[in-house]
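Here's a quick look at some ring pairs and helix contacts. Have the structure open as you read.

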Amino acid sequence: KKNLLKIPGIGTSLVQNFEPQKFIHLAEEEMTYTSKNDIKIVSYTDQDFPKRLLNIDYCPLLLYVKGNFEVNHHRVVAVVGTRKPSDYGKMMCEKIIEGLAPYNVLLVSGLAYGIDAIAHKKSVELNIPTLGILGHGLDRYYPSEHKSLAIKMMANGGVMTEFPIKTEPDRENFPMRNRIIAGISDAIIVVESKKKGGSIISAEFGNEFNRDVFAVPGNVTEERSEGCNKL
């Protein structure tokens, strides 16, 4: 407690209410669950922490990782887009993944409905390593229908999150997830998106982090292309 009081901004009342045993119990529970379920906890001080993330503001301190892939792969490309793509969007997403296949990339997306799932599925089909960045703890999958897809991704890819177990897929978690999608990638490709949404947030983070951002052009009368055409 004496050491805590030396830290600027930490006052007496906070120190008096600090219950280390409570947090030790939570940490033990976390360690037990992760070790039983083959989940690796990686600190930002570890050698196998994603080096690209170290170069962004608000870098996560811990990551929870499950699967079989090289996190510091020499080419990392994110493909993101709307949860409700058009036939054109689906086709373009698959064509882009097919075009990336010869270039030995790690394909990153968010394991969400729509473009994300299409990108992951096509990557699995073509044996491209693919990584899903999640907005919740690794004791669940959201949406739950994508659990089987996530399991298929484990052989040549996997899943990653900064959120501990028991973290719900709350709305505010997904912009935080999107900064990791952008930060861990060299390039972000937005296939279809409205003017506002998670994909545009990822693109804005990409620009902020000095990543290459690409957008698939679409019909000017199509709402699902407004965000891409604006980019």
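## A buried ring and its partner

In this predicted model, F174 has a relative accessibility of 14%, so this residue counts as buried, the cut-off being under 20%. Y142 comes out at 41% and is therefore partly exposed.

The structure holds five aromatic pairs. In the one formed by Y142 and F174, the ring centres are 6.1 Å apart and the planes sit at 50°, so the pair counts as tilted. This pair ties together distant parts of the chain, 32 residues apart: Y142 is in the loop between strand 5 (130-133) and helix 6 (147-153), while F174 belongs to helix 7.

## Helix 7 against helix 8

Helix 7 (residues 173-183) packs on helix 8 (residues 198-208) with the axes 8 Å apart and an angle of about 50°. That makes helix 7 oblique to helix 8, and their crossing is right-handed.

On the helix 7 side, P175, N178, R179 and A182 do the touching; helix 8 answers with G198, I201, S202, F205 and G206. Sort these contact residues and you get four nonpolar, four polar and one charged. F205 also turns up in a ring cluster, linked with Y58 and F209 through ring pairs.

## Helix 4 against helix 5

Helix 4 (residues 87-100) and helix 5 (residues 115-125) cross at roughly 35°, and their axes come within 9 Å. This crossing is right-handed.

Helix 4 brings G89, K90, C93, E94, I97 and E98 to the contact, and helix 5 brings I115, I118, A119, K122 and S123.

Notes
Residues are numbered from 1 along each chain as its sequence is written. This is a predicted model: local features need pLDDT of at least 70, side-chain atom pairs count only at pLDDT 80 or more; totals for chains, interfaces and linings use all residues. Side-chain values use heavy atoms; hydrogens and water are left out. Axes are lines fitted to C-alpha atoms, for helices over the stretch in contact, and angles run from 0 to 180 degrees between N-to-C directions. Helices (H or I, at least four residues) and strands (E, at least two) are DSSP runs, numbered from the N terminus. Angles under 35 degrees count as roughly parallel, over 145 as roughly antiparallel, 65 to 115 as roughly perpendicular and the rest as oblique. A crossing is left-handed if the near helix is turned anticlockwise from the far one by less than a right angle, and right-handed if clockwise. Contact means heavy atoms within 4.5 Å. Ala, Val, Leu, Ile, Met, Phe, Trp, Tyr, Cys and Pro count as nonpolar, Asp, Glu, Lys and Arg as charged, and the others, Gly among them, as polar. Rings of Phe, Tyr and Trp (its six-membered ring) pair if their centres lie within 6.5 Å; planes under 30 degrees apart count as stacked, over 60 as edge-to-face and the rest as tilted. Buried means under 20% relative accessible area, exposed over 50%, partly exposed in between (1.4 Å probe, protein chains only).
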